[in-house]
Amino acid sequence: MADIPGTGAKPLLSLHNINMTFGGIKALKNVSFEVLPGEVHCLAGENGSGKSTLIKIITGVYRPEDGAVIEYDGQTYSHMSPVTAQASGIQVIWQDLALFPEMTVAENIAFQTVIGRWPRFVNYRTMRDIAVKALQRLGVALDVDAPLKDYSIAQRQIVAIARALVGEAKLVFMDEPTASLTQSETDHLIEIVRSLSASGVAVVFVSHRLAEVLEISNRLTVLRDGALVGVYPVEGMTQSRVTELMTGKNFDQQVRAKSVRDNPIVLEVKRLSRPGQFHDISFNVRSGETLGITGLLGAGRTELALALFGMLKPRSGSVSLHGKPVRFSSNRDAIKAGIAYLSEDRLSLGLIQPQSIADNLVIASLDRIKSGGLLSDDRKRQLVARWIADLGVKIGRQSDAVSTLSGGNQQRIAIAKWLATDPKLLILDAPTVGVDVGARAGIFEIVAKLAESGLAIILISDEVPEVYFNADRVLHMAQGQIAGWFDPQSCSLQDIEAAVYA
Amino acid sequence: MRKLVQSHATEFALLAVIAAICVVLSLTTDSFFSLGNAFDLLNTSSVNIIFAVGLLVVLIAGGIDISFAVAASVVQYVTALILGYIGGGGWISGLLIAGSLGILLGAFNAFLIHRFRIISIVATIATFNIYFGLLMFFTQGVSIYDLPDWLTERVVLFEHEMADGTWAEITLPVLVMVICVVATWLFTTRTTTGRQLYAFGDNPEGARRFGINIGAMQFIAFGWLGMMAGIAGLIQAHYAQEVVPNALYGRELDVLAAVVLGGARLGGGKGSVLGCVLGVLLIAITQNGLNLLGVSPFAFKMIVGAIILIAITLSNTSIEKLLPFMRGARR
């Protein structure tokens, strides 16, 4: 690996011959991985490709099979332990952040000072100093005495980074750090990563969002099915090339937009307003049409969707379905009228993780599987089997817990749950958050098929390419108002992006 | 000041409720507002406060314990037997024996929870039955009245003669209680182990990733409660001047209610010693007041239940809404 492009530097970390087996399945096959001092390195791969396993081996959570060679900072190890890893400056910012919401920001950042087997007295002043210093280094002002639960996800992310810096980090892993951040928060995070890198800290970035990966990284390591695909310089790399490397398939995206002007109108919204959230919104969606709604977080997209779904009450304006004015007093009315809403936060709101696939799928359509007033297991099985087949969900048994499925398959179950209610209008709110590239393509295949069958679809996303490639018309919302309309057939992706991020 | 109120919303809500009740009782009864009554309240609440600060530590660590009150009964009984066997003993040996037996019984809970991954409420409901069943089986429900003199003798630490000639007294249980409260406060807020317990209760997976020894956390939390329960058991025997096997049966729910009232969360990671003490005091003052007002004791439980609901609603949800200046102070 002496021919790493553009470098003559000795790697900070290098792993060779890494093998790992879980329950007979090879999670990692003879993988090598190298990180240079101070570089930003992207670790890319689909869910299940072995990224997390590799990170856990480097941080000592797992022990690789015999024969592994780990060289870090001039030392050679056959495996790491969490203590050695932390002591020698390897830090991980986990996707779930692993923070303590009830404790103060200072305690969260300086938590290392209270680690150790034997009890000592806590020095709160030292903790506070450490925290303030770490935040200063990131150029962020937070009240270190406030409990962490008072802060937003983006701010907690910063606390997690500050915590990683306390331990004199030389190598920081960030696992999906931007999954729940808005564009501007992501931009800020990218700034922080750049400044870390400039100060000599190597950052390994794991992300599904290829655009930011390409923006931030120097080099790219791609894993697929537990094996190394290759190491590439990011310069000259395109999103579709990375996708191809990750999946082994070619997903050249095509604009799917089509004209649906002759189809009947399903949903008509006129001058809908709710003070402080959205104002004077008018649009319609036709049968078979996919309407894309994009805009920055806080533009009022989700609030608008919740108003259409009967969960927020608009102050003024009207909504009609198939020409008939409707007014919902709760989302039960909306579901009855044929509106389905797939929530943004699929994992916490959309699906009940420990319950079975079948139970999750039928939860919104229990009326349909009744027989003589009681729920019928037979009808349930049939309904579930039908949707599983229709959407091509890969499952073991219907009785398996939803939590056993991959992100993409979970998303399909969440969609199927709403399709089982036989809706006329389907609202998809950020349907691909936390879903990897291959599975995303699958979800949009489904969306296209549903539209073809005559369903009216509203697709909400803050990732402009998603609406550009998959919607027939794109509505841009900003500060609660309609900021513009785009027709993907006659505009470019850059036109919309320029408007949204202006 | 605003910050202090904000970060201790539960404690301030409890103080406000206690103050309100005290004002009402002082105006409606002759005897509530007196030194004698205040000292009596402290003397009678001591055992519950010792239990409460012990239970608090388990709640902070994300667990729950139903068995500690009957464990204290077991400790009482066994300690009394051992003291008889060694021929008397004294406060120091008594507290050491009771504390160690308590730690042992607490450690058994921790062992079940950690080793067999039984959730704490199930494990301790089981040991609640086991401890109490064993106690009743072996004692046949027979009480011990023949206790060493040092244990049954009242120890008055401070006394003051009142205008009407009665004596207001602070007795030994209050001193022991204060020591337990201060020790628990120091332990939970000022030691690294205490903060690890908070972190473990708040986010067990996060704590594990930091290399915190999860098993040790369980043993420390349940051991601490066991020690407090043992001490409380001995003090209760001292206060009652007898050991009755089922004297503490049912106490666990009263204490649990008081601790939760004090702001501890059943999910872990939250709760303060001050809140815990105020929770016990609020219930004690209410009962005391109802007594002085001549309310039927049969109505106590009902009223205490209502107070718990009101106070928890106040402290959980509306404190910020009730005090508008606190809103929007932070984002």
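The expected span of a helix is 1.5 Å times one less than its number of residues. Keep that handy for this predicted model.

Q: How do you know that the span of helix H11 of chain B agrees with its number of residues?
A: Helix H11 (residues 214–240) has 27 residues and should span 39 Å at 1.5 Å a residue. Its end C-alpha atoms sit 39 Å apart, so the two values agree.

Q: What makes H11(B) mostly covered?
A: Being buried takes 20 or more other C-beta atoms within 10 Å. In H11(B), 21 of its 27 residues are buried.

Q: Why is A:Asp225 called partly exposed?
A: Partly exposed lies between the exposed limit of 12 and the buried limit of 20. A:Asp225 has 15 other C-beta atoms within 10 Å, so it is partly exposed. A:Asp225 belongs to the loop between strand E9 (219–224) and strand E10 (227–233) of chain A.

Q: What makes the phi of A:Asp225 worth a look?
A: Most residues other than glycine have a negative phi. A:Asp225 is not a glycine, yet its phi is positive, about 50°. B:Gln140 is not a glycine either, and has a positive phi of about 55°.

Key. Residues are numbered from 1 along each chain as its sequence is written. Chains are lettered from A and ligands numbered from 1 in the order in which they are written. This is a predicted model: local features need pLDDT of at least 70, side-chain atom pairs count only at pLDDT 80 or more; totals for chains, interfaces and linings use all residues. Helices (H or I, at least four residues) and strands (E, at least two) are DSSP runs, numbered from the N terminus.
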